[in-house]
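Welcome! Take a moment to look over the sequence and the model, and then let us walk through them together.

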Amino acid sequence: MAVVKFMTGIDYVKGSLAKPKKTDGHSHGSYLIGTHREAATTNPNCTRLYIRRLDAYNRSTPFSADELAAQNKFGEIAAAVAARRKDLTKIAADNAAFKAQKDEPNGKKTMRSYLWSLEKAAWEQANG
């Protein structure tokens with residue numbers, strides 16, 4: 001991995017450094033992103049640069065049956081989670097159950113991950 005070292009006076013760069021040009025309504029070219037990790041850590045390398053070519057990726061093989069099944073599973077669970085988050089009849093019970101389990105050793109730390117675990121279990125039970 002490359003190391004980025006800045007001149008004196010520049011601590012770090014964070015965010016989009018170069019955006020691709022938009023032609024015909026779509027972005028073509030490279031995208032340059034700089035990141036800076038602000039969390040406390042012992043690793044001194046906390047600045048990274050990423051380059052992504054937007055028009056460079058073309059899949060050479062069709063999606064396999066396993067990939068399509070995984071995409072369908074993800075989509076169905078995501079839709080179920082979105083519906084459950086808006087269901088007024090379940091919000092209070094879900095909040096209470098989430099708060100009861102979040103401090104346990106294997107508890108889910110966010111409401112979204114908790115709802116995902118519930119809906120994934122329901123999906124797996126329904127689809128075997």
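What covers the buried residues of α2? Keep that in mind while we get our bearings; the answer comes under the heading on α2.

## The chain at a glance

What you see is a predicted model. The chain holds five strands and three helices. Starting at the N terminus, the order of the elements is β-β-β-β-β-α-α-α.

The chain has 128 residues, and 12% of them count as buried. Among the contacts in the chain with a separation of 6 or more, 33% are made by residues 24 or more positions apart.

Helix α2 spans residues 91-101, and its buried residues are D94, F98 and Q101. If you look down the axis of α2, these buried residues fall within an arc of 75°, so they line one face of the helix.

Now turn to the face of α2 directed away from that buried side: here you will find the exposed residues A92, A93, K99 and A100. As for our opening question, the cover over the buried residues of α2 includes α1, residues 65-86, and α3, residues 111-127.

## How α1 meets α3

Two packed helices can be described by the distance between their axes and the angle between them. For α1 and α3, the axes come within 9 Å and cross at roughly 125°. The two helices are therefore oblique to each other. The crossing in which α1 passes α3 is right-handed.

Which residues make this contact? On the α1 side they are K73, F74, E76, I77, A78, A80, V81, R84 and R85. Their partners in α3 are R112, L115, W116, L118, E119, K120, W123, E124 and N127. Sorted by class, the contact of α1 with α3 includes nine nonpolar, eight charged and one polar residue.

## A closer look at E119

One residue of that contact is worth a visit of its own. E119 sits in helix α3. Is E119 buried or exposed? Its relative accessibility is 13%, and the cut-off for buried is under 20%, so E119 counts as buried.

What is E119 in contact with, leaving aside its neighbours within four places in sequence? The residues are I77, A80, V81 and R84.

Note on methods. Residues are numbered from 1 along each chain as its sequence is written. This is a predicted model: local features need pLDDT of at least 70, side-chain atom pairs count only at pLDDT 80 or more; totals for chains, interfaces and linings use all residues. Side-chain values use heavy atoms; hydrogens and water are left out. Buried means under 20% relative accessible area, exposed over 50%, partly exposed in between (1.4 Å probe, protein chains only). Helices (H or I, at least four residues) and strands (E, at least two) are DSSP runs, numbered from the N terminus. The arc is that of the directions from the helix axis to the C-beta atoms. Contact means heavy atoms within 4.5 Å. Axes are lines fitted to C-alpha atoms, for helices over the stretch in contact, and angles run from 0 to 180 degrees between N-to-C directions. Angles under 35 degrees count as roughly parallel, over 145 as roughly antiparallel, 65 to 115 as roughly perpendicular and the rest as oblique. A crossing is left-handed if the near helix is turned anticlockwise from the far one by less than a right angle, and right-handed if clockwise. Ala, Val, Leu, Ile, Met, Phe, Trp, Tyr, Cys and Pro count as nonpolar, Asp, Glu, Lys and Arg as charged, and the others, Gly among them, as polar.
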